[in-house]
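Please look over the model below.

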Amino acid sequence: MTGGSVVRPYGDTTGDGMVQVSFTLPVPHDKRAEGAAVQLANRMGIDPALLVHAKPIGDGFTFFVVYGRVNHLVDLSAVRVVERDFPLLSAKEVNAVVKRRLRRKLSVVGACIGTDAHTVGIDAILNVKGIAGEKGLEYYRELSVTNLGAQVSVPELVEAARVARADAVLVSQVVTQRDAHLHNTREMSAAFREALPAARRPLLIVGGPRFDESQAAELGVDRIFGRGTTPGEVASYLVHALITGRRARVA
């Protein structure tokens, strides 16, 4: 299978099918709990399943790590993902396009909505310090950035976007319990549709570790960015979607 389109997991040797999974069961840590973890792993197709770690994480809960072999294959030719469909631009190129084509600063409003207080993601994209040596959107002189921070309600976000005449709204969602990130995103997109006519509606972009990038249309947003997204990717997308795509408004 080496070099082909069908692959198996790799553990110790190529194609040996070895995987490692972790999960929590709502049971206190004892021998029965460990047996339950192995049984679950077997039913997941891991056989043999070796329990390599078990640790109580509170009253009535145990965290497990299981290692073992699966027989499942993956056909790479059948994998469907959202490919980047826009060119990556440098900060200088982004500024030049915005200045030449838009003839005003491109307005961006960002926030964490709902009860989400995890600003690491939105700050990595917006703040000057950026991430991994790449500066955030505040560094781009032709972008006007408003970072609302954490726990912003949807009505507050809509009003801030209206006041800033936002071309794009960026929302980061890290809290995902009970699919909170999906509910919040749908609420946000519905609120913008209700509050603003299509011609004045900003580009809606969400990001976070648990989003499926193929769900943008289903959630009512223009783009979803996943793990590892850089400020440069977001800036390049804004130029592509708002200027190259002629979606930008005239000031």
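## Two helices in contact

Val154, Leu157, Val158 and Ala161 in helix α4 meet Glu187, Met188, Ala191, Phe192 and Ala195 in helix α5. Contact here means heavy atoms within 4.5 Å. Helices are DSSP runs of H or I with at least four residues, strands are runs of E with at least two, and both are numbered from the N terminus. Helix α4 covers residues 154-163, and its axis comes within 10 Å of the axis of α5, crossing at roughly 45 degrees. That makes α4 oblique to α5. (Angles under 35 degrees count as roughly parallel, over 145 as roughly antiparallel, 65 to 115 as roughly perpendicular and the rest as oblique.) Axes are lines fitted to C-alpha atoms, for helices over the stretch in contact, and angles run from 0 to 180 degrees between N-to-C directions.

The crossing of α4 and α5 is right-handed. In a right-handed crossing the near helix is turned clockwise from the far one by less than a right angle, and in a left-handed one anticlockwise.

## How the model is read

This is a predicted model: local features need pLDDT of at least 70, side-chain atom pairs count only at pLDDT 80 or more, and totals for chains, interfaces and linings use all residues. Residues are numbered from 1 along each chain as its sequence is written, and side-chain values use heavy atoms, leaving out hydrogens and water.

## The sheet

Five strands form an open sheet in the order β7-β6-β8-β9-β10, with parallel pairing. Strands β7 (143-147) and β10 stand at the edges with a single partner strand each, so one side of each lacks a neighbour in the sheet. Neighbouring strands of this sheet are turned by 20 degrees against each other on average, direction ignored. Two strands pair if DSSP finds at least two bridges between them.

Strand β6 (residues 106-111) pairs with β7 over five bridges, in the parallel sense. Gly110 has Asn147 as its bridge partner in β7, and Val109 stands opposite Thr146. From β6 the chain passes through helix α3 (residues 120-126) to β7 in a right-handed β-α-β crossover. Right-handed means that, with the strands pointing away from the viewer, the path from the first strand over the helix to the second runs clockwise.

How many residues of strand β9 (residues 203-207) are buried? Five of the five are, so β9 is largely enclosed by the rest of the structure. Buried means under 20% relative accessible area, exposed over 50%, and partly exposed in between, using a 1.4 Å probe and protein chains only. Leu203, Ile205 and Gly207 are buried on one side of β9, and Leu204 and Val206 on the other.

Five bridges join β9 to the parallel strand β8 (residues 168-172). Ala168 is the bridge partner of Leu203. The chain crosses from β8 through α5 (residues 180-195) to β9, again as a right-handed β-α-β crossover. Three bridges join β9 to the parallel strand β10 (residues 223-225). Here Ile205 stands opposite Arg223. Helix α7 (residues 231-244) lies across β6, β8, β9 and β10, and runs at about 155 degrees to β9.

Ser172 lies in β8. At 6% relative accessibility, Ser172 counts as buried. Beyond four places away in sequence, the residues Ser172 touches include Ala111, His118 and Gly207.

Ser189 lies in α5. Ser189 is buried too, with a relative accessible area of 2%. Leaving aside neighbours within four places in sequence, Ser189 contacts Leu204, Leu219 and Gly220.
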